[in-house]
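Subject: Structure for you to look at

Hello,

Here is the structure I promised. Please open it alongside this email, and my notes follow below.

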Amino acid sequence: MNTPEDLKYAPTHEWSRRDDDLVVVGITDFAQDQLGDVVFVELPDVGETFSAGDAVAVVESVKTASDIYAPVGGEIVEVNEALEDEPERLNESPYDNGWIFKLRLADPSELDNLLDADGYERVAEEES
């Protein structure tokens, strides 16, 4: 399983990378593999505020539609607009070009509630 060690993970299959007071969020390699070919991504609006656990975006694949949740709370400051024309980026590059949104972190301590790579792999193994 491709699970980068430098990221934090939610049990709902989102990854988070802290960049100063911002957090970049996407879905894991395991999640994109489970979804199959992604055909559409519904992005949140810049300026919206979410709490940890809120549904923020929707990813539709040939198999199903799946909510994407905020791993931590904050305000959306940027979305990956390239996904509107190239949703397959989520399949091809989930940790790089396939990021979904960036949010300004409301409470940095919320990152402590997320899983490390080993913890996330255990969650994913239980589901497979």
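Which residues of helix α4 (residues 117–127) are buried? In this predicted model, they are Ala117, Gly119, Tyr120, Val123 and Ala124. They sit on the same side of α4, because they cover an arc of only 160 degrees around the axis. The face turned away from that buried side carries exposed residues: Arg122, Glu125 and Glu126. As for partners, the buried residues of α4 pack against β1 (8–9) and α1.

Aromatic pairs

How many aromatic pairs does a search of the whole structure find? It finds two. Tyr9 and Tyr120 make a stacked pair, with 5.0 Å centre to centre and 20 degrees between the planes. Tyr9 is in strand β1 and Tyr120 in helix α4, so this pair ties together parts that are 111 residues apart in sequence. Tyr9 counts as buried because its relative accessibility is 0%. Tyr120 is buried too, with a relative accessible area of 1%.

Trp15 and Tyr95 form a tilted pair: 6.0 Å centre to centre, 50 degrees between the planes. This pair also links distant parts of the chain, 80 residues apart. Trp15 belongs to strand β2 (residues 14–19), while Tyr95 lies in the loop between α3 (89–92) and β9. Trp15 has 0% relative accessibility, so it counts as buried. Tyr95 counts as buried at 7%.

Nonpolar cores

In soluble globular proteins, nonpolar side chains tend to be buried together. Here, the largest nonpolar core has 26 residues. Val59, Leu90, Ile100 and Phe101 have the most contacts inside this core. Which elements give two or more residues to the core? They are β3 (22–27), α1 (29–35), β4 (38–42), β6, β8 and β9 (101–105). Another core lies apart from it, with 10 residues, among them Leu7, Trp15, Phe30 and Trp99.

Take a look at Phe101. Leaving aside neighbours within four places in sequence, Phe101 is in contact with a set of residues including Val23, Val24, Val25, Pro44 and Val56. Ile68, Tyr69, Ala70 and Ile76 are also among its contacts.

Around Trp99

Lys102 lies over the face of Trp99, at 4.9 Å from the ring centre. The backbone oxygen of Trp99 is reached by the side chain of Asn80, at 2.7 Å.

Is Asn80 buried or exposed? Asn80 is buried, because its relative accessible area is 5% and the cut-off for buried is under 20%. Asn80 lies in the loop between β8 (74–79) and α2 (82–85). Setting aside neighbours within four places in sequence, Asn80 contacts Leu43, Arg89, Asn97, Gly98, Trp99 and Ile100.

Glu60

Glu60 lies in strand β6 (residues 55–61). With a relative accessible area of 31%, Glu60 is partly exposed. Not counting residues up to four places away in sequence, Glu60 touches Val38, Val39, Phe40 and Ala65. Glu60 and Phe40 are 20 residues apart in sequence, and their C-alpha atoms are 5.1 Å apart in space.

Best wishes

Methods:
Residues numbered from 1 in each chain as written. Predicted model: local features only at pLDDT ≥ 70, side-chain atom pairs only at ≥ 80, totals over all residues. Heavy atoms only, no water. Helix = DSSP H or I, 4+ residues; strand = E, 2+ residues; numbered from the N terminus. Buried < 20%, exposed > 50% of the residue type's maximum accessible area, 1.4 Å probe, protein only. Polar contact = N/O pair within 3.5 Å; in protein donor to acceptor, adjacent residues only side chain to side chain. Contact = heavy atoms within 4.5 Å. Core = buried A, V, L, I, M, F, W, Y, C linked by side-chain atoms within 4.5 Å. Arc of directions from axis to C-beta. Phe/Tyr/Trp six-rings, centres within 6.5 Å; stacked < 30°, edge-to-face > 60°. Lys NZ or Arg CZ within 6 Å of the ring centre and 35° of its normal.
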